[in-house]
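This briefing sets out the helix packing, the chain interface and selected residues of the structure shown below. Points are grouped by topic.

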Amino acid sequence: MIAEHEDRPWGELSDLPGHPMMWVLILTEVVTFGLFLLTFAVARAVQPSLFAAGQTQLDPLLGGMNTIVLITSGWLAALAVDASMKSRRIRARALLAGAMALGFVFVAVKIAEYVEKARVGIGLETDTFFTLYFLLTGFHLLHVLLGIVILALVAMHDSLDNLKTGTAFWHVVDLVWVVMYPLIYLIG
Amino acid sequence: MTISSARRITLTWLLLVVLTLFGLGAGHLGMDGLAVNGLVLAAAFAKGRWMLLDFLKLRGVPTGWRTLFLSWLAFVTIAPWLAAAISLLRG
């Protein structure tokens with residue numbers, strides 16, 4: 001029993017790839033985003049016409065482009081872990097740099113969307129749809145920025161375990177966007 | 001025949017792009033209604049599942065963890081569809 005505890009100090013969390021502490025953060029994040037997404041869905045059910053009108057103000061092409069950008073970034077991050085497992089450090093770092101660059105593309109597109117909304121007078125207090133739109137996408141955007149910092153840190157300290165830890169956070173940020181995109185931009 | 005890890009990751013990425021383009025196409029053509037919403041959200045679930053299994057590498061972890069994350073994914077994709085359905089039924 002004691003030996004088992006010493007082998008697996010984090011219990012069941014030790015079964016997950018990367019540092020267990022990152023998975024504590026990830027579990028917290030999925031619960032938080034889950035509640036945010038549920039709030040958005042319920043608010044849409046209560047005010048369907050307001051949400052339908054708000055959705056027409058969004059550009060699904062930009063959202064879709066950003067989805068492909070994040071998916072591709074996640075692909076590069078996953079390939080970086082694969083390269084690290086094969087002891088190809090330079091390739092792994094290059095792939096991580098690509099993943100980070102695409103993260104910046106996502107941020108740039110999102111900021112362009114916000115600027116466009118501000119230009120036509122749409123803001124956080126316009127209505128319930130846009131309050132939730134800015135809160136959800138803004139909170140996610142902060143996670144993208146944090147994810148880029150984490151990817152940069154693990155690129156500098158590029159042990160396999162660090163790469164697994166950093167990319168796990170990045171994939172969860174991608175995953176949240178993959179669900180958020182159709183909810184906000186597509187389904188009506 | 002076993003598929004290499006890198007090839008599986010790339011295959012997953014291609015599937016994710018195709019499913020994203022499907023959702024984008026449905027939105028761009030102005031398709032709506034419960035059936036289309038269901039298809040778009042089902043595509044989001046499929047994408048999330050592949051990301052969890054092949055990008056996050058949950059394919060090899062104990063079943064309990066996979067079940068937990070896939071249940072979360074099912075919850076956040078089914079709840080919006082149910083909310084939309086309730087909204088339509090209320091007229």
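In which loop is B:Lys57 found? B:Lys57 sits in the loop between helix 2 and helix 3 of chain B. The model is a predicted one. Chain A has seven helices and zero strands, and chain B meets chain A through 37 residues that are in contact with 36 residues of chain A.

**Overall form of chain A**

- Along the sequence, chain A follows the pattern α-α-α-α-α-α-α.
- Taken along the principal axes, the C-alpha atoms of chain A fill a box of roughly 60 × 40 × 20 Å.
- Chain A has 188 residues, of which 42% count as buried.
- Of the contacts in chain A between residues at least 6 apart in sequence, 75% join residues at least 24 apart.

**Loop residues with positive phi**

- B:Lys57 has a phi near 60 degrees, a positive value in a residue other than glycine.
- B:Lys57 counts as buried because it has 21 C-beta neighbours inside 10 Å, and the cut-off for burial is 20 or more.
- A:Ser87, also not a glycine, has a positive phi of about 60 degrees.
- A:Ser87 lies in the loop between helix 4 (60-85) and helix 5 (89-119) of chain A.
- With 9 other C-beta atoms within 10 Å, A:Ser87 is exposed.

- The elements of chain B that give two or more residues to its side are helix 1 (5-28), helix 2 (34-55) and helix 3 (63-89).
- Helix 1 of chain B gives the most to this side, with twelve residues.
- By class, the side of chain B that touches chain A has 25 nonpolar, nine polar and three charged residues.

**Helix 7 of chain A against helix 2 of chain B**

- The axes of these two helices, helix 7 of chain A and helix 2 of chain B, come within 10 Å and cross at roughly 175 degrees. The two helices are therefore roughly antiparallel to each other.
- On helix 7 of chain A, the residues making the contact include A:His171, A:Asp174, A:Leu175 and A:Val179; on helix 2 of chain B, they include B:Val40, B:Ala44, B:Lys47 and B:Phe55.
- This contact comprises eleven nonpolar, two polar and two charged residues.

**Helix 6 against helix 7 in chain A**

- Helix 6 (residues 128-156) and helix 7 (residues 160-186) of chain A pack at an angle of about 160 degrees, with their axes 9 Å apart. That angle makes helix 6 of chain A roughly antiparallel to helix 7 of chain A.
- The crossing of helix 6 and helix 7 of chain A is left-handed.
- Residues of helix 6 in this contact include A:Tyr133, A:His140, A:Gly147 and A:Leu151, while those of helix 7 include A:Phe169, A:Trp170, A:Trp177 and A:Met180.
- The contact of helix 6 with helix 7 of chain A divides into 15 nonpolar, six polar and no charged residues.

**Helix 5 against helix 6 in chain A**

- The axes of helix 5 and helix 6 of chain A come within 10 Å and cross at roughly 160 degrees. Helix 5 and helix 6 of chain A are therefore roughly antiparallel to each other.
- The crossing of helix 5 and helix 6 of chain A is left-handed.
- Among the residues that meet here are A:Arg93, A:Leu96, A:Phe104 and A:Lys110 of helix 5, and A:Leu145, A:Leu151 and A:Ala155 of helix 6.
- This contact has 14 nonpolar, three polar and two charged residues.
- A:Phe104 of helix 5 of chain A is partly exposed, with 14 other C-beta atoms within 10 Å.
- A:Phe104 and A:Leu145 are 41 residues apart in sequence, and their C-alpha atoms are 8.1 Å apart in space.

**Nonpolar core**

- The largest nonpolar core has 76 residues, and those with the most contacts inside it are A:Ala80, A:Leu96, A:Ala99, A:Leu151 and A:Val179.
- At least two residues of this core come from each of helix 2 (20-46), helix 4, helix 5, helix 6 and helix 7 of chain A, and from each of helix 1, helix 2 and helix 3 of chain B.
- Helix 7 of chain A gives the most to this core, with 17 residues.
- Apart from its neighbours within four places in sequence, A:Leu96 is in contact with A:Ala77, A:Ala80, A:Leu151 and A:Ala155.

Methods. Residues numbered from 1 in each chain as written. Chains lettered and ligands numbered in written order. Predicted model: local features only at pLDDT ≥ 70, side-chain atom pairs only at ≥ 80, totals over all residues. Contact = placed C-beta atoms within 7 Å. Helix = DSSP H or I, 4+ residues; strand = E, 2+ residues; numbered from the N terminus. Nonpolar A, V, L, I, M, F, W, Y, C, P; charged D, E, K, R; others polar. Axes fitted to C-alpha atoms, helices over the stretch in contact; angles between N-to-C directions. Parallel < 35°, antiparallel > 145°, perpendicular 65-115°, else oblique. Left-handed = near helix turned anticlockwise from the far one by under 90°. Buried ≥ 20, exposed ≤ 12 C-beta atoms within 10 Å, placed from the backbone. Core = buried A, V, L, I, M, F, W, Y, C linked by C-beta atoms within 7 Å.
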